Amino acid sequence: MRLDDRDLLILKVLAREGRIPKAELAKRINLSTSPAWERLKRLEASGIIESYQARIALKAIAPHLVVFVTLELDRHTPDSFQTFESRVAAEPEITGCWALGGGFDYLMQIVTRDIDSYQRFMEGLLADGKVARYYTYVVTKPVKEGAPPPLDQLMKAADPGGEA
């Protein structure tokens, strides 16, 4: 799907303000409400807009710990990757997981109550013996999170006539 400047504006606004009223969105992108709504529906239908979510201030709800874990499986077969990824999908404490190229197989983000609950969680995850090694990185404070993607820079790289 080809995106024009107005489509990009819609994405930029929604990345920062997902609950913006349709009329205000239309005003911000300098269109009337109906054409803006049609563009928004087209972006949703194409899968470019995947979902709308609320960012929750966990520290306002309960004490918690955020941990990043790099992990290497003991075997590098399609079956072992699939089994591990299915396990990850079923664990609510794992709030993000990325397959990596390079030294480690996965980077996981884990949110749990405290270091003791993290340790119990990891012991359960490691119980099947299919993890060769892992390293834990405890987040001491967020510096930058939830930032919208750099759409302008990405689109320049994707446009052969644009500047790289």
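1. F81 belongs to helix α5 (residues 78–89) and Y106 to strand β3 (residues 106–112), so the pair ties together parts that are 25 residues apart in sequence. Helices (H or I, at least four residues) and strands (E, at least two) are DSSP runs, numbered from the N terminus.

2. Before going on, some ground rules. The model is predicted, so residues are numbered from 1 along each chain as its sequence is written, local features need pLDDT of at least 70, and side-chain atom pairs count only at pLDDT 80 or more. Totals for chains, interfaces and linings use all residues, while side-chain values use heavy atoms, with hydrogens and water left out.

3. Are the two partners of that pair buried or exposed? F81 counts as partly exposed, at 24% relative accessibility, whereas Y106 counts as buried at 2%. Here buried means under 20% relative accessible area, exposed over 50%, and partly exposed in between (1.4 Å probe, protein chains only).

4. F104 and Y135 make another edge-to-face pair, 5.5 Å from centre to centre and with 85 degrees between the planes. F104 sits in the loop between β2 (94–99) and β3, and Y135 in strand β4 (residues 131–138), so this pair ties together parts that are 31 residues apart in sequence. Y135 counts as partly exposed, at 39% relative accessibility. Ring pairs also link F81, F84 and Y106 into a cluster.

5. T70 counts as buried, at 11% relative accessibility.

6. S80 has its place in helix α5. With a relative accessible area of 12%, S80 is buried. Leaving aside neighbours within four places in sequence, S80 is in contact with L73 and R75.

7. Now for the open space. Rolling a probe the size of a water molecule over the atoms shows where empty space is left. The largest pocket holds about 1800 Å³ of space. On a 1 Å grid over the protein atoms alone, a pocket is an open set of points with protein on both sides within 12 Å along at least five of seven lines, and lining residues have an atom within 4 Å of a point. Grid points are joined across faces, edges and corners, and a volume is the space filled by probe spheres set on the points.

8. What lines this largest pocket? There are 40 lining residues, and those closest to the centre are Q53, A54, R55, E145 and G146. At least two residues of the lining come from each of α1 (5–16), α4 (58–61), β1 (65–73), β2 and β3, with α1 giving the largest share, four residues. The lining divides into 22 nonpolar, nine polar and nine charged residues; Ala, Val, Leu, Ile, Met, Phe, Trp, Tyr, Cys and Pro count as nonpolar, Asp, Glu, Lys and Arg as charged, and the others, Gly among them, as polar.

9. L3 is in the segment before α1 and counts as partly exposed, at 21% relative accessibility. Not counting residues up to four places away in sequence, L3 touches L8, L11, L43, I48 and M155. From C-alpha to C-alpha, L3 and E38 are 14 Å apart in space, and 35 residues separate them in sequence.

10. Two loop residues deserve a glance. N30, in the loop between α2 (22–28) and α3 (33–45), has a positive phi of about 60 degrees although it is not a glycine. N30 is exposed, with a relative accessible area of 61%. A90 lies in the loop between α5 and β2 and counts as exposed at 59% relative accessibility. A90 and W37 are 53 residues apart in sequence and 36 Å apart in space, C-alpha to C-alpha.

11. Finally, confidence. The protein averages a pLDDT of 92, and 95% of the residues score at least 70; pLDDT is the predictor's confidence in each residue, from 0 to 100. Among the elements of the protein, β3 has the highest mean pLDDT (98) and helix α7 (residues 151–158) the lowest (80).

Terms used. Phe/Tyr/Trp six-rings, centres within 6.5 Å; stacked < 30°, edge-to-face > 60°. 1 Å grid on protein atoms, 1.4 Å probe; cavity = no way out; pocket = protein on both sides within 12 Å on 5 of 7 lines; lining within 4 Å. Contact = heavy atoms within 4.5 Å.
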